[in-house]
Amino acid sequence: MPSLGIDIGGTKIASGLVHSDGTVHEVRSRPVTGMGETALQQVLDVARSYLAVHPVAHVGVALPGGVDPKTRVVTTAPNLGWTDMSLAQRLSAALDRQVHVENDANCAAWAEHRFGAGRGRTNTVLITIGTGIGGGLVVSNRLLVGHHGLGAELGHIPLVIGGHPCKCGASGCWEQYASGSALRAEARRRNWRPGPVTGEEVLRAAADGDPAAVHIVEWVSGHLAHGLTTMAAFLDPGEVVLGGGLGSDKRFVEYVDTALAAFHPSSSRGHVTVRPAELGIHSGVIGAADLAATIHGSAHC
Ligand SMILES: [Zn+2]
């Protein structure tokens with residue numbers, strides 16, 4: 001019996017039925033049009049639309065927020081207006097199914113570990129690079145969630161003392177130097193072009209040979225490689241899976257490869273290489289459903 005995965009994003013709720021081999025079907029998407037109780041009701045509507053017509057073993061929910069590792073209460077999901085929300089408990093009572101709730105980046109890492117670029121390995125590091133940096137860690141085939149349920153907040157690894165301020169309240173965080181936002185911000189700092197620019201414009205200009213754009217992309221990819229090398233020093237993952245809009249951009253990844261090679265002048269330390277994520281936009285749905293099935297112990301098929 002498949003499990004239902006629901007991935008609540010900033011603007012939409014994606015969902016699908018997931019089998020034990022990671023295949024997904026009945027994929028749907030609908031906008032999130034409210035916060036608080038309204039958003040909860042929309043999640044319930046999505047779940048009920050499946051349960052009414054399909055056999056479903058368990059329900060897994062991925063969401064952009066933190067989940068207490070012991071109580072499974074959603075500690076905070078600012079985009080949804082949820083604080084200390086007993087989401088799993090409330091959904092479980094309403095749906096008469098066991099429900100597992102997990103941070104969306106952790107779900108994506110779990111999905112890549114089980115069925116994507118990390119399958120067959122013991123450890124998987126997923127770094128998603130879009131506007132910011134997200135990610136998840138699977139260590140010894142277990143999702144690393146941390147003491148506060150905030151493990152693998154990789155974008156907020158402090159990289160630069162006294163560096164650029166970050167929306168998390170700290171400064172010098174990795175994502176301020178190695179993300180789509182960093183590409184735009186660095187172009188602005190260097191007065192690359194008048195007016196607002198996009199990361200895509202910088203990448204395209206670099207590909208066309210604009211020397212200033214090349215320097216900006218080298219600067220950002222160099223900071224990404226710096227953070228990856230830092231992680232390699234304590235995890236030695238061998239390879240890191242890159243996802244997200246910028247992390248999936250072949251032009252950018254070539255720069256990252258070059259920068260990583262420069263960080264490894266000798267073979268005395270663990271070398272890290274990057275490979276692309278494989279599951280794309282369905283990774284949250286697949287990971288949430290499979291975590292629910294794995295944790296609640298039923299063999300879905
Ligand atoms: Zn930060």
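Q: What makes Cys166 count as buried or exposed?
A: Cys166 has a relative accessible area of 9%. Buried means under 20% relative accessible area, exposed over 50%, and partly exposed in between (1.4 Å probe, protein chains only). Cys166 is therefore buried. Before we go on, please note that this is a predicted model, in which local features need pLDDT of at least 70 and side-chain atom pairs count only at pLDDT 80 or more, while totals for chains, interfaces and linings use all residues. Residues are numbered from 1 along each chain as its sequence is written, and side-chain values use heavy atoms, with hydrogens and water left out.

Q: Which atoms coordinate the zinc ion, and how do you know that they are donors?
A: They are ND1 of His156 and the SG atoms of Cys166, Cys168 and Cys173, at 2.0 to 2.3 Å. Donors are N, O and S atoms within 2.8 Å of the metal (3.2 Å for Na, K and Ca); water is not among the atoms, so sites may look incomplete. Along the sequence, the donor residues follow the spacing H-x9-C-x1-C-x4-C. His156 and Cys166 are 10 residues apart, both in the loop between β11 (142-143) and α4 (180-189). Helices (H or I, at least four residues) and strands (E, at least two) are DSSP runs, numbered from the N terminus.

Q: Why is the site of the zinc ion called tetrahedral?
A: The angles among its 4 donor atoms are 106 to 118°. Four donors count as tetrahedral if all angles lie between 85 and 135 degrees; four count as square planar and six as octahedral if opposite donors are over 155 degrees apart and all others between 65 and 115, and anything else is irregular. The site is tetrahedral by this rule. For comparison, the ideal angle for four tetrahedral donors is 109.5 degrees.

Q: What is the label for His156: buried, partly exposed or exposed?
A: His156 has a relative accessible area of 24%, so this residue is partly exposed.

Q: How do you know that Arg114 and Asp290 meet in a salt bridge?
A: Their side chains are 2.6 Å apart, N to O. A salt bridge is a side-chain nitrogen of Lys or Arg within 4 Å of a carboxyl oxygen of Asp or Glu. The pair links distant parts of the chain, with Arg114 in helix α3 (residues 104-115) and Asp290 in helix α9 (residues 283-295), 176 residues apart. Arg114 is at 34% relative accessibility, so it counts as partly exposed. Asp290 is at 0%, so it counts as buried.

Q: Which other pairs meet in a salt bridge, and how many salt bridges does the rule give?
A: The count comes to 14 salt bridges. Among them, Glu26 and Arg28 meet at 3.4 Å, N to O, and Arg251 and Glu200 at 2.7 Å. Arg251 lies in helix α8 (residues 250-263) and Glu200 in helix α5 (residues 199-207), so this pair ties together parts that are 51 residues apart in sequence. Salt bridges that share partners also join Arg119, Arg121, Glu239, Arg275 and Glu278 into one network.

Q: Why are α3 and α9 called roughly perpendicular?
A: They pack at an angle of about 80°, with their axes 7 Å apart. Axes are lines fitted to C-alpha atoms, for helices over the stretch in contact, and angles run from 0 to 180 degrees between N-to-C directions. Angles under 35 degrees count as roughly parallel, over 145 as roughly antiparallel, 65 to 115 as roughly perpendicular and the rest as oblique. α3 and α9 are therefore roughly perpendicular to each other.

Q: What does Ile286 touch, and what makes these residues contacts?
A: Contact means heavy atoms within 4.5 Å. Not counting residues up to four places away in sequence, Ile286 touches Val18, Gly22, Val24, Ala111, Phe115 and Leu279. Ile286 is in helix α9 and, at 4% relative accessibility, counts as buried.

Q: Why is His148 called exposed?
A: At 54% relative accessibility, His148 counts as exposed, because the cut-off is passed. His148 is found in the loop between β11 and α4 and, leaving aside neighbours within four places in sequence, is in contact with Val67 and Pro69.
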